[in-house]
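Keep the viewer open as you read.

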Amino acid sequence: MTRIVSGTAKGRKLKVPKAGTRPTSERAREGIFSRLEHYGYIKGCCILDLYSGSGALGLEALSRGAARVICVEAASAAVQIIKENRRSCDLPVEVVAQKVQSYLQQEDLPKFDLIMLDPPYALEESKLTADLELCAMHLAEDGMILVERSKKSPEPGWPAGIFLDDCRKWGDTRVWSAVRGENPSMLNT
């Protein structure tokens, strides 16, 4: 069973698509969101949830006080599930039924404080790198990108100006976070 871990919709059950998605575990979401809240990337933030699946990450962010969340998902069955979860949690997540690359190629998107990518584990690294390049165009000056992959996956190829901040592992899942700004390894030289 998948449910909202914390916030205004705490405990609400979430439906998940029958196939084609891999919901982020509650344990991983708790760890991810505790850290994001600690660093100020949730309350009042504009957040983009790419490859949304059930919408669990975006809905969790809204439950915890995000100002705006947009979920982007191409699979029609998953889009319907996100809409059902939106209604059952009474959270105003915006749902976009579109391929991630097509969505990110739009020029008039808002600047996001946090962009979360949870693509299928089978997504090729070159496609993830291309997604990240497009994400960088829509990331706020002090924004963060979060990438969830298999624990066996290599570190993503970060775009210029985006630097690894942290890497955590929960079960079979590895989550990288990267921020826009100065290269942390260069600050002490």
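Eleven salt bridges turn up in this structure, a salt bridge being a side-chain nitrogen of Lys or Arg within 4 Å of a carboxyl oxygen of Asp or Glu. Before we look at them, bear in mind that this is a predicted model, where local features need pLDDT of at least 70, side-chain atom pairs count only at pLDDT 80 or more, and totals for chains, interfaces and linings use all residues. Residues are numbered from 1 along each chain as its sequence is written, and side-chain values use heavy atoms, with hydrogens and water left out.

Side chains of opposite charge can pair when their charged atoms come close. Take Arg 64 and Glu 30, whose side chains form a salt bridge at 3.1 Å, N to O. Arg 64 sits in the loop between helix H2 (56-63) and strand E4 (68-73) while Glu 30 belongs to helix H1 (residues 26-38), so this pair ties together parts that are 34 residues apart in sequence. Helices (H or I, at least four residues) and strands (E, at least two) are DSSP runs here, numbered from the N terminus. Arg 64 is buried, at 4% relative accessibility, and Glu 30 is partly exposed, at 31%. For those words, buried means under 20% relative accessible area, exposed means over 50%, and partly exposed is in between (1.4 Å probe, protein chains only).

Next come Arg 35 and Asp 165, with a salt bridge of 2.4 Å, N to O. Here distant parts of the chain are linked, with Arg 35 in helix H1 and Asp 165 in strand E8 (residues 162-170), 130 residues apart. Arg 35 is buried, with a relative accessible area of 15%, whereas Asp 165 is partly exposed at 36%.

Then there's Glu 94 with Arg 68, a salt bridge of 2.7 Å, N to O. Glu 94 is in strand E5 (residues 94-97) and Arg 68 in strand E4, so to speak two distant parts of the chain, 26 residues apart. Both side chains belong to partly exposed residues, Glu 94 at 31% and Arg 68 at 33%. Shared partners also build a network of salt bridges, joining Arg 29, Glu 30, Glu 37, Glu 60 and Arg 64.

Now for helix H5 (residues 125-137). Its 13 residues reach 19 Å from the first C-alpha to the last, close to the 18 Å expected at 1.5 Å a residue; that expected span is 1.5 Å times one less than the number of residues. Which residues of H5 are buried? They are Leu 128, Asp 131, Leu 132, Leu 134, Cys 135 and Ala 136. What covers them includes strand E3 (46-50), helix H4 (100-104), strand E6 (112-117), strand E7 (139-150), E8 and strand E9 (173-180).

Beyond its neighbours within four places in sequence, Leu 104 is in contact (heavy atoms within 4.5 Å) with Leu 48, Leu 50, Leu 109, Asp 131, Leu 134, Cys 135, Met 137 and His 138.

A cavity is a set of points, on a 1 Å grid over the protein atoms alone, where a 1.4 Å probe fits but cannot get out, and lining residues have an atom within 4 Å of a point. Among the lining residues are Arg 35, Asp 166, Trp 170 and Trp 176. H1, E8 and E9 each give two or more residues to the lining, and the largest share, four residues, comes from H1.

Tyr 51 isn't a glycine, yet has a positive phi of about 60°; look for Tyr 51 in the loop between E3 and H2, where it is buried at 16% relative accessibility. Asp 90 also has a positive phi, near 55°, and lies in the loop between helix H3 (76-89) and E5. Is Asp 90 buried or exposed? At 65% relative accessibility, Asp 90 counts as exposed.

Terms used: 1 Å grid on protein atoms, 1.4 Å probe; cavity = no way out; pocket = protein on both sides within 12 Å on 5 of 7 lines; lining within 4 Å.
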